[in-house]
Amino acid sequence: EQADTLDRDVVVRWPVARENGHLALDAARMMPDRRFADEAAYGILSITPPVETGASQVVPRDLVLLIDTSGSMSGPPLEQAKAVATAVVETLGDRDHLEMVEFSSRPRRWRASPEPATREMVEQAKDWLAKLSAGGGTEMVSGLWEALRPRRLGAQRQVVLITDGLVGFESDVVRTIRDALPQGSRVHSVGVGAASNRSLTAPSARAGRGVEVQAGFGGEREAAIEKLVSRLAAPLVTDLVIAGDAVVDLAPRALPDLYVGAPLRVAARLRPEGGHIVVSGQTPAGAWQHEIVVAPMGVVAGSDSFAKYYARELVEDLEIDLAAGGPRSEIDARIRQIGCDFQIATRLTAWVAVAEEPDVDPRKPFRRVRQPQQLPYGLSAEGLGLPSFFSPDGGAEMVLSLDSPLGSASLPRMSSRSLETIDLPDLYLDSESPEMEKRQSPPRVRLVARLARRTNDTWIFVIDVVDGDFEWQLPERVEVLWSNARTSAGSVLEEQTTAPGPVSAGATVRLVLQLPADTPQEQPERLVLTSVLYGKRRIKVEG
């Protein structure tokens, strides 16, 4: 059986309870020897919505579709976006209004103002979507400002952001949603492509109190469309509020709506003496409320997963506060403290294993491996600005016609640095023999040096063997050259330098020098290595 290519996200689905609305709480109070185990308990509150509310009325909707048409959306991602947008448009009724904005290098509106979603308008909207094409950069923020405007009185404003998320300004997008989100409005995000950027889609939906949907390919896309359409058509319970004397704190702070068949999980910090938790909200038919009794909790020895889940949700809220313009120093300090107290990885904390004993012999050559990365399934190289000869499987293909001249577009761009690696050695430069006896010609090897580290008077160079095999020798003399013609002679520290021996292409040797205290601190240009076997080698030092 052939395994699937690992070029897409793994999606796991499972059925949820179909009962009438109810609450479930899993909680624990940890042993006091844990740093985060204060007097509080921690838990996960699961809110399962009712299957039916008895409501016959549907609230009118002001739907805004924000569709990414930047270059990275070329090919299958844009086709996905069109399919999702078309399916959403087809659910609109006469009481609904529709706006559509495509954005790449700049936003472009479908119509100057919202249009009533009549049958005729729906067909015109579908025609407009079918003609969308991808190209250009991604200017998402201005598109959001276009979408986040006050809604009609009595209507629910729904903004749907459809994108692969391949941008570098996620914080600006989240800040815009937080700052401009009108009261009662929701922002939903749809990630298209096989591996969309969830660093954008997830916090955007969280800040907008909406839902995040990931549209894959084939059956995944159909399931995503069904999920999104069901959420947009009729939120079951809105304006959720969680209160009660058992609750100390909740995360996320801004609760999304409750939808049919979609339980909501909320992390909670609880009073150990217990109490009540009351969840209430609004449905089209009126008020909705459920209550649960929390029993007193003593300390137990068990999993700390509830506390860690609460901490992660709390950090997510703080990150959104930071993106919305909160004080960085205060927020970073709190995130760092939470990461240390709850022992979780955050943007500012990580856990690193430290070995006391060295496990690499510095005198042996080592090898660097360039690991090719596949493009996510369905993502085109051209959309990312890569030449067309890059194929999704990581290989390259180039076809040249012998009866036509080679143009600049026919060949991949190559850095001049990758071509210039070593000067030919001066065979007689260091020979004092009057007969000028010719020495053995060295093998044709290509070497590139890089300055890896310098501390005081110790300079560490690594020399990559780009091509060819040769016998590495400790140089008798090393000179370091700078662009201003300055030269410094260095002493080789043998105990830290790669030992003599055969070295093959792809390996890297280490050269550790002790240089005078007055050595220039800027990047050197060349190394000149003088050895008995091969005379002088001039090796370029790259940045």
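Reader: Which strand does glutamate 115 lie in?
Author: Keep in mind that this is a predicted model. Glutamate 115 belongs to a strand that covers residues 115–116. That strand is β6.

Reader: Is glutamate 115 buried or exposed?
Author: The relative accessible area of glutamate 115 is 18%. The cut-off for buried is under 20%, so glutamate 115 falls on that side of it. Glutamate 115 is buried.

Reader: And which residues is glutamate 115 in contact with, leaving aside neighbours within four places in sequence?
Author: We already have glutamate 115 as buried. With those sequence neighbours set aside, its contacts are Asp96, His97, Leu98, Trp110 and Met121.

Reader: Let's step back to the whole chain. How many helices and strands does it have?
Author: The chain runs to 543 residues, and buried ones make up 44% of them. As for elements, the chain has nine helices and 26 strands.

Reader: Among contacts between residues at least 6 apart in sequence, what percentage join residues at least 24 apart?
Author: Take the contacts in the chain whose partners sit at least 6 apart in sequence. The share of those that join residues at least 24 apart is 70%.

Reader: Alanine 87 next. Where is it, and is it buried or exposed?
Author: Alanine 87 sits in helix α1, which spans residues 76–89. Its relative accessibility is 17%, and buried means under 20%, so the call is clear. Alanine 87 counts as buried.

Reader: How do α1 and α2 run relative to each other, roughly parallel or roughly antiparallel?
Author: Helix α2 covers residues 119–130, and its axis is 10 Å from that of α1. The two pack at an angle of about 175 degrees. Angles over 145 degrees count as roughly antiparallel. So α1 and α2 are roughly antiparallel.

Reader: Which residues meet where α1 packs on α2, and what classes are they?
Author: On the α1 side there are Lys82, Ala85, Thr86 and Val89. They meet Val122, Ala125, Lys126, Leu129 and Ala130 in α2. By class, that contact has six nonpolar, one polar and two charged residues.

Reader: What about α4 and α7, roughly parallel or roughly perpendicular?
Author: Helix α4 (residues 170–180) and helix α7 (residues 305–323) have axes that come within 8 Å. Those axes cross at roughly 85 degrees, and 65 to 115 degrees counts as roughly perpendicular. So α4 and α7 are roughly perpendicular.

Reader: And the classes of the residues in the contact of α4 with α7?
Author: From α4 come Ser171, Val174, Arg175 and Arg178, and they meet Ile320, Asp321 and Ala323 in α7. By class, the contact of α4 with α7 has three nonpolar, one polar and three charged residues.

Reader: Which elements give two or more residues to the lining of the largest cavity?
Author: The lining has 13 residues, and those closest to the centre are Trp472, Gln473, Leu529, Ser531 and Arg537. By class, the lining of the largest cavity divides into seven nonpolar, four polar and two charged. The elements that give two or more residues are β20 (470–472), β25 (526–531) and β26 (535–542).

Reader: Which strand holds aspartate 239, and what is its phi?
Author: Aspartate 239 lies in β10, residues 238–243. It is partly exposed, at a relative accessible area of 41%. Although aspartate 239 is not a glycine, its phi is positive, at about 55 degrees.

Reader: Last one: which residues does threonine 349 touch, not counting those up to four places away in sequence?
Author: Threonine 349 lies in the loop between α8 and β16, and at 9% relative accessibility it counts as buried. Its C-alpha atom is separated from that of glycine 339 by 5.8 Å. Not counting residues up to four places away, threonine 349 touches Arg336, Gly339, Cys340 and Ile344.

How values were computed. Residues are numbered from 1 along each chain as its sequence is written. This is a predicted model: local features need pLDDT of at least 70, side-chain atom pairs count only at pLDDT 80 or more; totals for chains, interfaces and linings use all residues. Side-chain values use heavy atoms; hydrogens and water are left out. Helices (H or I, at least four residues) and strands (E, at least two) are DSSP runs, numbered from the N terminus. Buried means under 20% relative accessible area, exposed over 50%, partly exposed in between (1.4 Å probe, protein chains only). On a 1 Å grid over the protein atoms alone, a cavity is a set of points where a 1.4 Å probe fits but cannot get out, and a pocket is an open set with protein on both sides within 12 Å along at least five of seven lines; lining residues have an atom within 4 Å of a point. Ala, Val, Leu, Ile, Met, Phe, Trp, Tyr, Cys and Pro count as nonpolar, Asp, Glu, Lys and Arg as charged, and the others, Gly among them, as polar. Axes are lines fitted to C-alpha atoms, for helices over the stretch in contact, and angles run from 0 to 180 degrees between N-to-C directions. Angles under 35 degrees count as roughly parallel, over 145 as roughly antiparallel, 65 to 115 as roughly perpendicular and the rest as oblique. Contact means heavy atoms within 4.5 Å.
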